[in-house]
Amino acid sequence: DVEIDAGPGVGTAFAVAKAGMWLTARHVVDGCSDLAIRVGPSRIVPVDRYEIYGAGDMALLYTDGGPDATRLDLGSEKRVGQTGFHIGYPQGRPGEVTSRLLARSTMVSRGRYNVSEPVLAWAEAGRTRNLNGSLGGISGGPVFDEDGEVIGVTVAESPRRGRIYTTSPAAVLSFLDSNADYAADGEQARSLTTTNYGGEGDRLRRNLTIVKVLCQARE
């Protein structure tokens, strides 16, 4: 019942280092032979290369420079019941979802990868922009806490149950710590609420902190 869309199409990424490093979901980009990020209505920037996280559904993308990155909070304890804000490009369009943290869980991926990874399970609580149906395309986007700090990567949904799944903060920290090219240096953070998260999502996309990932063809 957990959906992971790995076909050609669209996903989301977000900047974690000003030098041009972006975090996204592995299934958005893995095997893509024509990968880019959209930075304007008529401008795309090629992704120079990417690397995947072998123990879970994450990937790092590298471009020639990038915008101000967002602040991460990967060390503090996450509380059941806390609010999450998922921002990105569901169905290839700007959109946001708010949720409540339910529990820590485990997600099992089969097929090209056989991975069992720790995730956080969230109950969807609201949407913006008259968003209906699948959240496909928001994969790879950040989930923020109320302080406006990123605590994970959105990787899957279970529409029937109204669930959203994000990577565990510890997994994100492990992946970034293993990266030898750039250090995450994000400083951007603004408080989020259930009334302002739509506007803040627009601001983050406008500033190119959150971008659309385009995979035109897979190997």
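With which residue does lysine 78 form a salt bridge? The partner is aspartate 73, and the closest N and O atoms of the two residues are 3.5 Å apart. The structure is a predicted model, in which local features need pLDDT of at least 70 and side-chain atom pairs count only at pLDDT 80 or more, whereas totals for chains, interfaces and linings use all residues. Residues are numbered from 1 along each chain as its sequence is written, and side-chain values use heavy atoms, with hydrogens and water left out.

A salt bridge is taken here as a side-chain nitrogen of Lys or Arg within 4 Å of a carboxyl oxygen of Asp or Glu. By this criterion the structure holds 10 salt bridges. Residues are classed as buried under 20% relative accessible area, as exposed over 50% and as partly exposed in between (1.4 Å probe, protein chains only). Lysine 78 has a relative accessible area of 8% and is buried; aspartate 73 is buried at 15%.

Glutamate 77 forms a salt bridge with arginine 104, the closest N and O atoms being 2.3 Å apart. This pair links distant parts of the chain, 27 residues apart: glutamate 77 lies in the loop between β6 and β7, and arginine 104 in strand β8 (residues 95–109). Helices (H or I, at least four residues) and strands (E, at least two) are DSSP runs, numbered from the N terminus. Both glutamate 77 and arginine 104 are exposed. Elsewhere, salt bridges that share partners join Arg49, Glu51 and Asp181 into one network.

A further salt bridge is formed by arginine 71 and glutamate 149, with the closest N and O atoms 3.4 Å apart. Arginine 71 is located in the loop between β6 (59–62) and β7 (83–88) and glutamate 149 in the loop between β10 (142–144) and β11 (150–158), so the pair ties together parts that are 78 residues apart in sequence. Arginine 71 is partly exposed, at 34% relative accessibility, while glutamate 149 is buried at 14%.

With a disulfide defined as a pair of cysteine sulfur atoms within 2.5 Å, the count comes to one disulfide. Cysteine 32 is joined to cysteine 215, with an S to S distance of 2.3 Å. The torsion about this S-S bond is about 120°, so the disulfide is right-handed. Cysteine 32 lies in the loop between α1 (26–29) and β3, and cysteine 215 in strand β13; the pair therefore ties together parts that are 183 residues apart in sequence. Cysteine 32 is buried at 6% relative accessibility, as is cysteine 215 at 3%.

Threonine 12, in strand β1 (residues 9–17), is buried with a relative accessible area of 0%. The side chain of threonine 12 reaches the backbone nitrogen of tyrosine 89 at 3.0 Å.

Notes. Polar contact = N/O pair within 3.5 Å; in protein donor to acceptor, adjacent residues only side chain to side chain.
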